[in-house]
Amino acid sequence: MTASAPCRKTAAKSRTAAVGAIAVAGALLLTACGDQTEGGKDSDTGSVKGSSAPLFDKLPAKYQKSGVVKVGTDAAYAPMESMDGDKIVGIDPEIGEAIGKQLGVKVTFENGKFDGLIGSLYSGRVDLAMSGMTDTKDRQEGLDEGKKSGKGVDFVDYFQSGTAILVKKGNPKGIKTLDDLCGKKVAVQLGTTYADAAKAQSTKCVKDKKPKIAIETPDTDAEAQVRVKAGGADADLNDFPVAAHVAKTADNGASFEVVGEPVDAAPFGIAVDKGNSELRDAIKEALDAIIADGTYKKILEKWGAADSAIEKSAINGGK
């Protein structure tokens, strides 16, 4: 999720996970349809079998042996990730699958709450977090509202998004810019950078001698959308691709619209524990490979997010 520090995230997406060490409770482990790896432990020697995948040798031995890289996500942030029956679908799972093919491992996605994803990295429950998560300096340094709450994570940046304003169809409050939110009610998902953006805008409102913003922070972006649709909130801040998807698909386009132009463009990143730099570098190389061979572009085009494509990945490119 986008904007400054902290989907998913629009979400955040941008979606921006709080850095408290909260485990993802009751998570559902789902496979992102990656190819089965040839890697595994040889029963006689304990050595790692080889793989024909081009970047298999770049992986740490742990993943060569297990043949699996586990990813934490919050699957309620279409088109980045969402549930289709019991399967997680979207941009992130498909990019994860393509990365897995380059590395010769299966990439699995585990569903949980957005604000617990970084905590799951710290605990070792998952190896990566990929959920329309904005790469910010605060997340890199383990800061939550300016206070140290973790060791921080590294990001492999794979997507670019700006903040968008989602309002009820017909825009009854005439909102066009962030400044128009002064004195309004705004619903934004808890733990996202958009929650931070709303707080920063509210501070600006007061400085400009305007009424502050009444900010609500539900657990999911879907709840924020419900509040806007019902008139309990005037707007939802989200990643532009997510907001555009919601406006197009919710009730066949009859419930929401996106107003104004996206602002504060920032990268989404795949989060990796700082102590796992070898995996981080392997993910980056695999991502660059699928960018170069056109797979990445096809995935974004399929989900209507081609405008958010990047030309080359980066490590910790967020500000």
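Q: What makes strand β2 and strand β6 a pair, and in which sense do they run?
A: In this predicted model, β2 (residues 68-73) and β6 (residues 106-111) share six bridges. A pair needs at least two bridges. So β2 and β6 count as paired, and the sense is parallel. One of the bridges joins Lys70 to its partner Thr108 in β6.

Q: How do you know that β2 and strand β7 pair?
A: β7 covers residues 128-129 and has two bridges to β2. The cut-off is at least two bridges, so the pairing of β2 and β7 counts. The sense is parallel. Val71 has Leu128 in β7 as its bridge partner.

Q: What makes strand β3 and strand β4 a pair?
A: Two bridges link β3 (residues 76-77) and β4 (residues 81-84). With at least two required, they pair, in the antiparallel sense. Ala76 has its bridge partner in β4, Ser82. β3 and β4 form a hairpin, with three residues between them.

Q: How do you know that β4 and strand β5 pair, and in which sense?
A: Three bridges connect β4 to β5 (residues 87-89). At least two are needed, so this pair counts as well. The sense is antiparallel. Ser82 stands opposite Val89 in β5, and Asp84 stands opposite Lys87 in β5.

Q: Which residue in the hairpin of β4 and β5 takes a positive phi?
A: Gly85 does, with phi near 70 degrees. Two residues lie between the strands of this hairpin.

Q: Why are β3 and β5 called edge strands in their sheet?
A: The sheet is open, has three strands and runs in the order β3-β4-β5, with antiparallel pairing. β3 and β5 each have a single partner strand, so one side of each is left without a neighbour in the sheet.

Q: Why is helix α2 called roughly antiparallel to helix α9?
A: The axes of α2 (residues 91-103) and α9 (residues 295-302) cross at roughly 160 degrees. Angles over 145 degrees count as roughly antiparallel. Therefore α2 is roughly antiparallel to α9. Their axes come within 10 Å, and the crossing is right-handed.

Q: Which residues of α2 and α9 meet?
A: From α2, Ile91, Glu94, Ile95 and Ala98 take part. They meet Thr295, Tyr296, Ile299, Leu300 and Lys302 in α9. The residues of this contact divide into six nonpolar, one polar and two charged.

Definitions and conventions
Residues numbered from 1 in each chain as written. Predicted model: local features only at pLDDT ≥ 70, side-chain atom pairs only at ≥ 80, totals over all residues. Heavy atoms only, no water. Helix = DSSP H or I, 4+ residues; strand = E, 2+ residues; numbered from the N terminus. Axes fitted to C-alpha atoms, helices over the stretch in contact; angles between N-to-C directions. Parallel < 35°, antiparallel > 145°, perpendicular 65-115°, else oblique. Left-handed = near helix turned anticlockwise from the far one by under 90°. Contact = heavy atoms within 4.5 Å. Nonpolar A, V, L, I, M, F, W, Y, C, P; charged D, E, K, R; others polar.
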